[in-house]
Amino acid sequence: MLRRYRLAATYTDHVSPVRLAIRVSGVVQGVGYRPFVHALATRLGLAGHVGNDASGVFIEVEGVDEAVDVFVAGLRSEAPPLAVVESVRSASLAVEGEPGFRIVPSPAGGTADTLISADSTTCADCLRELWDPADRRYRYPFINCTHCGPRFTIVRGVPYDRPLTTMAGFALCAECAAEYADPADRRFHAQPVCCPACGPRLFLDGVADPLASTVEFLAAGKIVAIKGLGGYHLAVDAGSDDAAALLRSRKHREDKPFAIMVPDLAAARTLCTVDDVAASMLTSRRRPIVLLPRLPDAAVAPAVSPGNRRLGLMLPYTPLHHLLLADLGRPIVLTSANISDEPIVYRDDEVTRLSGIADAILSHDRPIHMRTDDSVVRPFRGREQVQRRSRGYVPEPLGVPFTGQVLACGAELKNTFCLAKGGHAFLSHHIGDLENYETLRSFVDGIEHFRRLFDIHPGVVAHDLHPEYLSTKYALELPDVEQVSVQHHHAHIASCLADNGAEGPVLGVAFDGTGYGPDGTIWGGEFLLADYFGFSRLGHLEPVPMPGGAAAIRSPWRMALAYLGSDAPSSLVSRHVTWSAVSSMAHAGVNSPLTSSAGRLFDAVASVVGLRDVINYEGQAAIELEQIADLAEPGAYPVRVVDGDPVRVFGVDLVRAAAADSARAGVVSARFHRGLADAVVRACSLLRERTSVGVVALSGGVFQNCLFSDLVVTGLEASGFTVLTHSRVPTNDGGVSLGQAVIAGVSLRS
């Protein structure tokens, strides 16, 4: 408990006052930091003022030195829950004898150097008010305070003040204005503060009670588009197979699992295994989608997550979600509202594009400034591992070992971009696959917004080696910048290093679907000696043709053909009338580029066991192969790992063993996973003898596979390696832009 110190009265008691100018940096705007400082100073009997500017929070404080010391320490130790205090710097000033402590207006201009908070789930205090019939915000869908609510998705500029958010058009009523101005109130200087009298409102096709009508639609098996924090979602009753199947049909999403929102932790435990780690992820202020083991008797419609051992669960993160789930009384599917592979719809003038999917549209009049998808995480070996980093995490920065200003444009699939300056890397929200105009526009708009928000003017722009990626083309067209090309798998390993605060060198195992190699082939099963400054390719999966190029990605049977050739079983050959023609094409090397891709190896085995010959979404065959694996099967297929320069791992051994195995598909899958994991460990052991490097970094989309990742980590650690895996940044291509940024940034440092 801090004591209250007297100020002016103590000056005559032989105690000299002091005055300090203090600068606080970090995530200190939009999180109630100024009200907190005001309360702390008032409690200690100090004078002065606090304010926001483009660089963070500035303070001048005056009083007896003991109280000032306690005040400075409290700026860190007692900071509000959403604040992240990175530095507190102070300098002495002349004593002014100013009375009282106040919050002063934010000055205009200056270099933007502050950090913006991510959107945060509704806090416990607001929830109590939401359910209190005596409260004036009872059942108000936009309740918030300094400790919760929208942040990044409504910010248009800095400093973080109401005029620079999308709440600017909502004039405060007298009661909200009084709360905003009262230092003792929880909503003191809360920028999105509002109430039913002055804040946003819900709309649904002109009905009098939009919320009640939405609940009726969902209960009747209808599809409703719902405007959330970062965009519109499509919702149906998660227990209705007809509704989920209809949503799949209208959205043209044949197989990919849907996320489910449940009302609380108790409801989550009726659907999935939820341990303490998973519970902390579900209930965190970020409220991501959490991938968890499905219970056998989970009351979820089969069409929601067909053939998947896991469900993606999330808890309500806005007051509107809490109201919907409470009134409906059961879980709902909540999936991004978009057309085909386009980004999530977020502007109200775009929502008519959902009319062919949704039966009704629940909207509101608070604009969304920046579209942001839900984040996706999973528990892995006792900690959180991010698979899609977006709402709730962005734009909070990651530390990087350089201070220069850099833009990294990322990969083509699961694109993110990254802007960096001053030791901070601002990894963007999930953009999506850069394969159409709408997604490219989202990519370009996002970069411009981040540049303005954080006042970044990069002189260096990093991009992938692939000349046809839209992100590469964008980078190469930028004027007056130095362009740095970064090999895809080097970027993966650099991303893992940055995620772990390491600089290398490491043995990097980069396993994914595709990446442009400097030798003109398609890489994807790589063993690298790497740090931020460069890499050497010390090993790889033995290359095979990709018959038809990109067509082989969509048709895993083509990869089975590439591996097996004339040794393919007749049951596989007979399923495909074009087998002979495609075989001839592969044998002649026509439109059949060589690839060392680990992803294509998984595809081949999935086809061999009769699981998946054609995919509907990226990585589907590999995902389903993991899902059927018999976890009790201890066997592993033998694989040749040939020592040499480079070390070569013969994936063909795994495919042939799978084709020859008469066991059921789940056993074959398990033996394949274990065989490949064992090969990775043996390859790394050979390379350790050559390089004396005993640290391995694992990255690439293949390491989203929990079974394979756990087998590899367990095997490496048993062999004495230190293993680095991703946690804060996606192991898939969503983390590539961070790796690109660090590789380009350290070149400025050297």
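In the predicted model, Gly48 of strand E2 has Phe101 in strand E5 as its bridge partner, and the two strands, E2 and E5 (residues 101-103), pair in the parallel sense over three bridges. Strand E2 also pairs with strand E3 (residues 56-64), here in the antiparallel sense and over seven bridges, with Asn52 standing opposite Val57 of E3.

Because seven of the seven residues of E2 (residues 47-53) are buried, the strand is largely enclosed by the rest of the structure.

A further part of the model concerns a pair of helices. In general, two packed helices are described by the angle between their axes and the distance between the axes. For helix H18 (residues 598-608) and helix H19 (residues 620-628), the axes come within 8 Å and cross at roughly 60 degrees, an angle which means that H18 is oblique to H19. The crossing of H18 and H19 is left-handed. On the side of H18, the contact is formed by Phe602, Asp603, Val605 and Ala606, which meet Ala621, Ala622 and Leu625 of H19.

Notes: Residues numbered from 1 in each chain as written. Predicted model: local features only at pLDDT ≥ 70, side-chain atom pairs only at ≥ 80, totals over all residues. Heavy atoms only, no water. Axes fitted to C-alpha atoms, helices over the stretch in contact; angles between N-to-C directions. Helix = DSSP H or I, 4+ residues; strand = E, 2+ residues; numbered from the N terminus. Parallel < 35°, antiparallel > 145°, perpendicular 65-115°, else oblique. Left-handed = near helix turned anticlockwise from the far one by under 90°. Contact = heavy atoms within 4.5 Å. Buried < 20%, exposed > 50% of the residue type's maximum accessible area, 1.4 Å probe, protein only. Pairing = 2+ DSSP bridges.
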